[in-house]
Amino acid sequence: MASKMRFISKRRRTSRRFLRYFPGNRKVKDRLFCYIFGQDRKALLQLYNVLNGTDYQDEDALQIVTLDNVLYMSMKNDVAFILMGTLNLYEHQSTVCPNLPLRFLLYIAAEFESYIGLRSQQIYGSTLIRLPAPCCVVFYNGDEEMEDEKILRLTDAFADGQGAVEKSCLELTVRVVNINHGRNRELMAGCRRLEEYSCFVGKMKEFRLLGSSPEEAVEEAAVYCINHGIMEDLLVPFRAEVKKMLLTEYNEKKVMAWLRKEAVEMGRKEGREKGIEEGRKEGREEGREEGLDLKVINQVRKKVARGNSADEIAEMLEENPAFISRICEAIEAHPDWSDERVRKETKQDLYT
């Protein structure tokens with residue numbers, strides 16, 4: 001028993017996750033994309049080759065290092081693996097989030113922490129720690145129109161102005177690849193499994209547009225793909241599990257969309273409240289300025305009555321001569337005007 005407990009403890013200290021099959025009694029939470037490329041080394045190697053223009057054939061050279069969902073609750077990415085000195089982090093997204101470079105930065109930091117921890121390397125030691133070079137790729141199959149490929153940069157998030165970006169010592173780029181059905185044909189031709197996945201998801205979207213419920217769309221897409229020899233090796237034996245995966249992902253999307261909507265509404269409310277408070281503050285400032293203006297006009301009126309010139313009054317009050325001269329002219333030309341009327345008529349000059 002003690003030896004068994006030691007084994008379990010040691011296993012939990014690792015951050016490696018190998019997905020080999022669907023256990024029939026587990027709660028399925030993994031994304032289908034994650035499952036397909038997280039357990040099928042041949043498909044993952046094909047995907048790597050077509051993305052990088054290489055032709056590696058040794059599947060055993062792939063070292064899966066996807067962060068463990070237990071140890072890294074907030075740091076789980078879809079697929080991560082080391083190959084030929086590179087740390088490849090692959091994500092599947094139905095929306096293109098501008099914060100993806102920041103998220104990948106955090107993923108990479110967690111991956112490196114695990115990498116050196118498992119090798120008992122000392123970050124404060126005198127020996128240089130050799131690290132795999134990170135490569136970040138996002139596979140997009142959302143509904144919004146997007147070009148075949150685009151690059152997101154971490155420096156886009158840095159404060160603009162005063163050369164902040166130019167002074168930065170850090171950059172991270174994320175390659176976003178559109179895998180919607182019919183896009184990136186050369187890429188699809190080089191990775192059969194990716195093409196099949198794209199077709200399957202495309203069929204689900206098609207059936208949803210025709211009015212099917214999410215459950216019906218998944219089932220209809222599965223039937224179509226099986227009948228056409230698309231991903232049938234996965235859909236035939238694990239059809240129920242695949243359905244659970246896709247419906248779980250669909251529900252997560254709905255929740256995230258609701259949370260985004262709530263966040264936007266909250267932001268608008270806070271903005272309105274802030275605007276009201278700023279308006280009050282601005283009103284108080286304007287009121288204070290008006291009070292000061294009226295006080296100056298009243299003093300000028302008294303000194304004009306005593307026969308003082310505009311220059312003398314400006315010197316006594318330590319005010320701008322042109323400003324005082326304009327007030328004096330208005331008072332002398334219209335002695336019946338109130339201080340408020342003088343202020344109103346000379347408002348433009350009072351604020352220049």
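Modeller: Start with a charge over a ring: Arg119 lies over the face of Tyr115, at 3.6 Å from the ring centre. The term requires NZ of Lys or CZ of Arg within 6 Å of the ring centre and within 35 degrees of the ring normal. In a second case, the charged end of Lys203 sits over the ring of Tyr224, 4.2 Å from its centre. This is a predicted model, in which local features need pLDDT of at least 70 and side-chain atom pairs count only at pLDDT 80 or more, while totals for chains, interfaces and linings use all residues. Residues are numbered from 1 along each chain as its sequence is written, and side-chain values use heavy atoms, with hydrogens and water left out.

Colleague: How many aromatic pairs does the structure hold?

Modeller: A pair of aromatic rings is described by the distance of the centres and the angle of the planes. Rings of Phe, Tyr and Trp (its six-membered ring) pair if their centres lie within 6.5 Å; planes under 30 degrees apart are stacked, over 60 edge-to-face, and the rest tilted. The structure holds eight such pairs. Phe81 and Tyr90 are edge-to-face because their ring centres are 5.2 Å apart and their planes stand at 85 degrees. Both Phe81 and Tyr90 are buried, where buried means under 20% relative accessible area, exposed over 50%, and partly exposed in between (1.4 Å probe, protein chains only). Another edge-to-face pair is Phe104 with Tyr107, at 5.6 Å centre to centre and 90 degrees between the planes. Phe104 and Tyr107 are three residues apart in helix α4, so about one helical turn separates them. Both of these residues, Phe104 and Tyr107, are buried.

Colleague: Which residues form one aromatic cluster?

Modeller: The cluster is formed by Phe33, Phe37, Tyr48, Tyr56, Phe81, Tyr90, Phe139 and Tyr197.

Colleague: How is a pocket read, and what is the volume of the second largest pocket?

Modeller: Rolling a probe the size of a water molecule over the atoms shows where empty space is left. On a 1 Å grid over the protein atoms alone, with a 1.4 Å probe, a pocket is an open set of points with protein on both sides within 12 Å along at least five of seven lines; lining residues have an atom within 4 Å of a point. The second largest pocket has a volume of about 190 Å³, taken as the space filled by probe spheres set on the points. Of its 13 lining residues, Pro134, Cys135, Cys136, Leu172 and Thr173 are the closest to the centre. Two or more residues of the lining come from each of α4 (100-118), β4 (133-140) and β6 (173-178), with helices (H or I, at least four residues) and strands (E, at least two) being DSSP runs numbered from the N terminus. The most, four residues, come from β4.
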